[in-house]
Amino acid sequence: MTVILALHTLLVLTFTIRILLRDDLSPPGRLAWFVVLNVLPYFGSVIYFLFGETDIGNRASKRHKEVFEEIQAKASWFMGDAANTGKLIEPVYQPAFRYAGSINGFYPSTGNTAELMSDGNETLARMVADIDAATDHVHVLYYIWLNDNTGRAIAEALIRAARRGVTCRAMADGLGSRVIIKSALWQRMKEAGVRMAVALSLKHPIRTILTSRLDLRNHRKITVIDARITYCGSRNSADPEFLVKAKYAPWVDIMLRLTGPVVVQNQLLFASDWMQATNESLDGIPLSSGRGEGGFPAQAMGVGPTERHGATPHLFANLFACAQSELTLSTPYFVPDATVLDALCAAAYRGVKVALIFPKVNDSWIVAAASRSYYHRLLDAGCIIHEFKGGLLHAKTLTIDEKISLIGSSNLDLRSFDLNYENNILLQDKATTQAIAERQRSYINRSEVVTLPSVLAWHYHERIWHNVIATIGPVL
């Protein structure tokens, strides 16, 4: 008994000191780990060792620094000029665009156009048609690439393109796409001449566990064709029926097809991941200004564990603070930190109409419980919460004042904030924003409003459950 008690004390003391030495943890994060380590010292110690710290490893961090130094040296002209923010963006929204530019060095360039895809079928048809029309190169990166109708159609289009001499580079995340990476279809792409790479491979899991974390993932969804066309949004290379989690189907996504200078910024973001995974240089990646007449200003951005801590929540907080009359947000995973939660409530308190759209049924019971722990405070502040009932709403969208849009792969949860590589495009355009806002209204029409009386009527055990999960949220 004495030995067990001594071991308990040693484990708790060791990890407590480690947690107290960390400057990157928030006070709620420290508290959550203290709770877990004291209640479940042995299990908690193992979990902390595996998942407690956001560290991609020294070698990967060094390579990331080298990659962006090379991009800055060879392609800074394509990244936009910081001075453009003051010239192209309305003054009230400039702080958000400036903050976004500070993350990777991508700043707004004008001359962009966008089309909002009507649904998954149009997205797939247009994407395949664009790949079939490619004359120089096609670059794709997906977190989840399934061997279903969508996944096979994209793969076959790449095979056709490679066979006619188009340079094709294809990447997929080592965890999210682990099945297709081991499939005959992946091998067929290789044999056809498609250049393949795995982002954050799980080939050496023990080494990954010892030097990094298994759950640091590349969650990006990037498609670039001839440096003229890019697709950005929430959709993976997978059918809406999403066979790996079919009981939550359909997965409702949103995608923009864009042209203009922002395409090359997305190309450089793809290049950063390709260079990291293959150790190749930027020299083989085609770059073109893609500048068109007219159009609107937009900028790409990428976040991840090798960027500065807190970049995503700070970006959202800046955007919320810029809203003058209304903001509408849709996300499947809502577990905000204090920065994001306070900024949302502050916007509502100062009279901004804040509409939030979450799925009613979530594929993550942890996220579902944690999300609902914030409902009372949000509703008290005047936010309007809608729970979508037509499948799993996977669209990650933010519209502000029907002028500003943010669209991409980032959720408002701790995974997107700290662990995942994400990509987004921030733009200022009335027509595009109104199109996205109209899509958001279609989500609202398929939702039910959550009222404060209904939240107050939740059973005690529900409220306790939601708050317990939220309390240990930083650990999950």
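**Entry 1: second largest cavity**

I looked up which element gives most to the lining of the second largest cavity in this predicted model. Helix 15 has the largest share, with four residues. Two elements give two or more residues to this lining: strand 11 (353-359) and helix 15 (365-372). I noted the volume of the second largest cavity as about 70 Å³. Among the residues that line the cavity are Pro-332, Tyr-333, Phe-334, Lys-360, Arg-372 and Tyr-375. I sorted the lining by class and got eight nonpolar, two polar and two charged residues.

**Entry 2: a lining residue with a partner**

Lys-360, one of the lining residues of the second largest cavity, also forms a salt bridge with Glu-387. I read 3.6 Å from N to O for this pair. Lys-360 sits in the loop between strand 11 and helix 15, while Glu-387 belongs to strand 12 (residues 384-388), 27 residues apart. Are the two partners buried or exposed? Glu-387 is buried at 4% relative accessible area, and Lys-360 is partly exposed at 33%.

**Entry 3: largest cavity**

I then counted cavities of 30 Å³ or more and found three. The largest has a volume of about 100 Å³. Its lining holds 13 residues, and those closest to the centre are Met-127, Tyr-142, Arg-235, Asn-236 and Ser-237. Helix 7 (120-132), helix 8 (149-163) and strand 5 (221-225) each give two or more residues to this lining. By class, I have six nonpolar, five polar and two charged residues for the largest cavity.

**Entry 4: other salt bridges**

Side chains of opposite charge can pair when their charged atoms come close. I find 23 salt bridges in the structure.

I looked up Arg-188 and Glu-156, whose side chains meet at 2.6 Å, N to O. Arg-188 is in helix 10 (residues 184-192) and Glu-156 in helix 8, so I noted a link between distant parts of the chain, 32 residues apart. Arg-188 is partly exposed at 33% relative accessibility, and Glu-156 is partly exposed at 26%.

Next I took Arg-217 and Asp-173, a salt bridge of 3.0 Å, N to O. Arg-217 is in the loop between helix 11 (205-211) and strand 5, and Asp-173 is in strand 3 (residues 167-173), so the pair ties together parts 44 residues apart in sequence. Arg-217 counts as buried because its relative accessibility is 3%, under the 20% cut-off. Asp-173 is buried too, at 0%.

**Entry 5: a network**

Which residues are linked in a network of salt bridges? I list Glu-115, Glu-122, Arg-126, Asp-130 and Arg-257.

Note on methods: Residues are numbered from 1 along each chain as its sequence is written. This is a predicted model: local features need pLDDT of at least 70, side-chain atom pairs count only at pLDDT 80 or more; totals for chains, interfaces and linings use all residues. Side-chain values use heavy atoms; hydrogens and water are left out. On a 1 Å grid over the protein atoms alone, a cavity is a set of points where a 1.4 Å probe fits but cannot get out, and a pocket is an open set with protein on both sides within 12 Å along at least five of seven lines; lining residues have an atom within 4 Å of a point. Grid points are joined across faces, edges and corners, and a volume is the space filled by probe spheres set on the points. Ala, Val, Leu, Ile, Met, Phe, Trp, Tyr, Cys and Pro count as nonpolar, Asp, Glu, Lys and Arg as charged, and the others, Gly among them, as polar. A salt bridge is a side-chain nitrogen of Lys or Arg within 4 Å of a carboxyl oxygen of Asp or Glu. Buried means under 20% relative accessible area, exposed over 50%, partly exposed in between (1.4 Å probe, protein chains only).
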